[in-house]
Amino acid sequence: NIETEACHIRYSDAAHNKVNPGVGRKPDDKYTVPMCSKHHREQHRTSEVGFWRSHNIDPVSISISLFSYSGDHGKACKIIADIAPANLTLESKVLII
């Protein structure tokens, strides 16, 4: 069993009209991606933008896609599967995002 956590994207992204909610305020849930606890902690310990760039992942686009298919497990799995190398299992793909 893989522990998956909801990772809220905090930084502003002008391309998606997303603003940072500010200190002490949680971002809207539509700006959330699934992450394993190890990478979630790493993302919090480093620069959030730098973390995502180092993994070549656009979390805002992914979170919006996932939110648009909320409740459709199959489509959500496809979104996640499309962002990671083909040789990984779906469970492993959740670990790297």
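Me: Which strand holds threonine 32, and is threonine 32 buried or exposed?

Reply: In this predicted model, threonine 32 belongs to strand E2, residues 32–36. Burial is read from relative accessibility, with under 20% as the cut-off. Threonine 32 counts as buried because its value is 16%.

Me: What does threonine 32 touch, not counting residues up to four places away in sequence?

Reply: Its neighbours on that basis are Ala6, Cys7, His8, Ser63 and Leu66. With histidine 8 there is also a polar contact between the two side chains, at 3.4 Å.

Me: Where are the lowest and the highest mean pLDDT among the elements of the chain?

Reply: Helix H5 (residues 90–96) has the lowest, 51, and helix H3 (residues 59–68) has the highest, 91. For the chain, the mean pLDDT is 81, and 84% of the residues reach 70 or more.

Me: Which residues of H3 are buried, and what do they pack against?

Reply: The buried residues of H3 are Pro59, Val60, Ile62, Ser63 and Leu66. They lie on the same side of the helix, because the arc they cover around the axis is only 160°. These buried residues pack against E2, helix H2 (48–54) and helix H4 (73–82).

Me: Which residue caps the N-terminal end of H3?

Reply: The cap is aspartate 58, with a side-chain oxygen 3.2 Å from the backbone nitrogen of valine 60.

Me: How far apart are isoleucine 9 and valine 60, in sequence and in space?

Reply: They are separated by 51 residues in sequence, but their C-alpha atoms are 7.0 Å apart in space. Isoleucine 9 lies in the loop between strand E1 (4–8) and E2, and at 0% relative accessibility it counts as buried. Beyond four places away in sequence, isoleucine 9 touches several residues, including Lys18, Tyr31, Trp52, Pro59 and Val60.

Me: How is a pair of aromatic rings described?

Reply: One gives the distance between the ring centres and the angle between the planes. The count here is 1 aromatic pair. Phenylalanine 51 and tryptophan 52 form that pair, edge-to-face, with 5.0 Å centre to centre and 85° between the planes. Phenylalanine 51 is buried, at a relative accessible area of 3%, and tryptophan 52 is buried as well, at 1%.

Me: Which ring does the charged end of lysine 18 sit over?

Reply: The ring is that of tyrosine 31, and the charged end of lysine 18 is 5.0 Å from its centre.

Terms used: Residues numbered from 1 in each chain as written. Predicted model: local features only at pLDDT ≥ 70, side-chain atom pairs only at ≥ 80, totals over all residues. Heavy atoms only, no water. Helix = DSSP H or I, 4+ residues; strand = E, 2+ residues; numbered from the N terminus. Buried < 20%, exposed > 50% of the residue type's maximum accessible area, 1.4 Å probe, protein only. Polar contact = N/O pair within 3.5 Å; in protein donor to acceptor, adjacent residues only side chain to side chain. Contact = heavy atoms within 4.5 Å. pLDDT = per-residue confidence, 0-100. Phe/Tyr/Trp six-rings, centres within 6.5 Å; stacked < 30°, edge-to-face > 60°. Lys NZ or Arg CZ within 6 Å of the ring centre and 35° of its normal. Arc of directions from axis to C-beta.
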